[in-house]
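Visitor: I am new to this structure. Please show it to me, and then let me ask about its parts.

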Amino acid sequence: MQVEDMIKRFFLARSTVLTLIILVLGAVVVGYLFPQRFLLSPAGMDRWALDHPSLATLSRTLALDHVYTSPWFAVLLALFMVSLLFSTWEQFTRALRLTREGGGGGKSLVLACAPETVAAAAGRLGYLRVRSDGNSIRLVKNPWGYWGNVLLHLGIVAAVAASLVILLYEKRGSVDLLEGEVHGVGDPWTRQDMGLLAGTFALPEAVRLDRVVPEFWPNGNLKQLTTDFTFIGPDGRHSPYSMHVNKTIRHSGIRVFQGKSFGRAFYVGFQDANGAWQGDIFMVDSRFTGDDAPFKDFTVPWTSSTIRAKYYPDSDRRAPVGDNPLLLLQLVKAGKVVEELSLTAGASGTLGGHPVTLVKSEWWGGIIFIDTTGMEGIFFAFLVIALGGGMSYLSPPRELLAVKEGEGCRLAWRAPRFAELYREEFERICRECLPADEAAGGDRVADGGHRG
């Protein structure tokens with residue numbers, strides 16, 4: 001028992017609760033400050049790691065690049081839930097005691113009437129008789145108000161428990177597709193972030209990217225990004241959708257979001273050493289374009305060197321928005337740029353001794369798929385929290401105890417919350433219990449009684 005009491009005291013200690021709250025909030029801040037690998041493309045993560053090598057090492061070591069699916073965050077949530085469970089049990093025992101026995105104290109006075117007279121007057125105002133014997137009667141108005149704090153704590157426990165289930169079992173996958181490309185059932189993801197107990201994630205149906213429509217402001221900043229895609233069932237049934245940022249699609253229990261990654265896909269034809277023409281696709285991010293855009297590295301079969309690519313929105317390299325993008329390719333050996341080639345659609349040139357032609361360019365886009373277990377628990381938790389708050393603040397309990405004393409009775413009244421707002425209710429019960437001539441005298445009390 002001593003060990004159990006020590007554990008209980010530890011988790012109920014204010015310092016423990018505050019520490020756990022601070023740690024949880026700190027984890028949220030860390031998840032905001034450190035780039036999360038699921039929300040950023042691999043190229044973006046690599047660029048951040050190159051710019052912040054020390055932070056990147058810390059991020060990989062402590063799993064700060066996937067905070068919400070890390071083991072330490074799951075442990076932190078579990079400890080917080082244990083603390084809340086102990087606190088909820090304390091609230092439960094307290095509410096049970098108050099329901100049975102009341103809180104005691106409050107205002108008291110002596111009236112020249114029987115307890116039954118008080119009970120009748122209080123009953124007309126909604127007080128319920130919860131206990132009576134030969135000498136006393138206890139009445140309570142809104143006795144369910146004692147349980148408001150219990151429901152508040154239960155709601156918070158349910159919210160944390162549901163969050164823990166989501167953390168352990170949520171499946172997230174994103175895929176970058178060309179227009180017209182199909183991501184089949186079981187195909188590998190471009191990026192994925194799985195809960196600790198989630199297992200594998202495969203879509204119930206294939207999905208095809210139909211069209212990516214970006215809209216830009218005149219200065220080149222993104223105004224809106226619309227993605228059209230279609231789910232293709234095993235029976236060939238097509239389910240088309242259109243979405244944009246901040247719009248969620250739900251299909252077969254899977255939530256679909258607009259990915260932040262999109263860009264230009266450049267279809268490049270090249271001639272290999274045998275004179276045969278081959279094709280390659282350079283999917284370049286549109287997060288930055290023009291002079292501000294970093295190069296993206298590619299590996300192609302026709303050369304052992306690295307190919308770096310970026311593009312300008314228009315062939316003149318000046319316009320921030322355009323319909324004729326300029327692809328800039330660099331051939332890199334041993335970390336040094338040895339050759340550079342600029343191409344627009346239909347143009348040809350030579351890179352590394354190989355003839356190269358830019359056939360066409362089109363948009364590519366990213367789509368995010370999330371399979372969540374436990375989200376219903378979050379909504380249920382908020383309902384319980386709202387119910388508990390309503391019971392606590394909109395219907396607070398009021399206690400009335402009438403104890404026989406001589407020829408009259410002693411009346412005690414207590415409101416655990418907002419007592420001043422309900423004082424008139426107590427005074428009304430007192431007036432109704434006094435004889436008519438004494439009730440007309442206002443605050444006088446029969447038989448020389450006194451106010452406590």
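What follows is a set of questions and answers on helices, a pocket and sheets.

Visitor: What kind of model is this, and how are residues numbered?

Guide: This is a predicted model, in which local features need pLDDT of at least 70, side-chain atom pairs count only at pLDDT 80 or more, and totals for chains, interfaces and linings use all residues. Side-chain values use heavy atoms, with hydrogens and water left out, and residues are numbered from 1 along each chain as its sequence is written.

Visitor: Is α1 oblique or roughly perpendicular to α5?

Guide: Helices (H or I, at least four residues) and strands (E, at least two) are DSSP runs, numbered from the N terminus. Axes are lines fitted to C-alpha atoms, for helices over the stretch in contact, and angles run from 0 to 180 degrees between N-to-C directions. The axes of α1 (residues 2-12) and α5 (residues 71-101) come within 9 Å and cross at roughly 100°. Angles under 35 degrees count as roughly parallel, over 145 as roughly antiparallel, 65 to 115 as roughly perpendicular and the rest as oblique, so α1 is roughly perpendicular to α5.

Visitor: Which residues of α1 make the contact with α5?

Guide: Contact means heavy atoms within 4.5 Å. On the α5 side, the contact is made by L79, V82, S83, F86, S87 and E90. On the α1 side, the residues are I7, K8, F11 and L12.

Visitor: Is α1 oblique or roughly parallel to α2?

Guide: F10, F11 and L12 in α1 meet R14, T16 and V17 in α2. The two helices have axes 5 Å apart and pack at an angle of about 55°. That angle makes the relation of α1 to α2 oblique.

Visitor: Which helix gives the most to the lining of the second largest pocket?

Guide: On a 1 Å grid over the protein atoms alone, a pocket is an open set of points where a 1.4 Å probe fits, with protein on both sides within 12 Å along at least five of seven lines; lining residues have an atom within 4 Å of a point. The second largest pocket is lined by 27 residues, with Y68, F73, I166, E170 and R172 nearest its centre. The elements giving two or more residues to this lining are α2 (14-33), α5 and α7 (148-169). With six residues, the one that gives the most is α7.

Visitor: Which residue in the turn between β15 and β16 has a positive phi?

Guide: β15 (residues 326-333) and β16 (residues 336-343) pair in the antiparallel sense over seven bridges, and L327 stands opposite L343 in β16. The two strands form a hairpin with two residues between them. The turn residue with a positive phi, of about 55°, is A334.

Visitor: What is the bridge partner of R308 in β15?

Guide: β14 (residues 306-312) and β15 pair in the antiparallel sense over seven bridges. The partner of R308 is Q330.

Visitor: Which residue in β7 is the bridge partner of V182?

Guide: Four strands form another open sheet, in the order β5-β7-β8-β9. In this sheet, β5 and β7 (residues 206-216) pair in the antiparallel sense over two bridges. The partner of V182 is R208.

Note on methods
Pairing = 2+ DSSP bridges.
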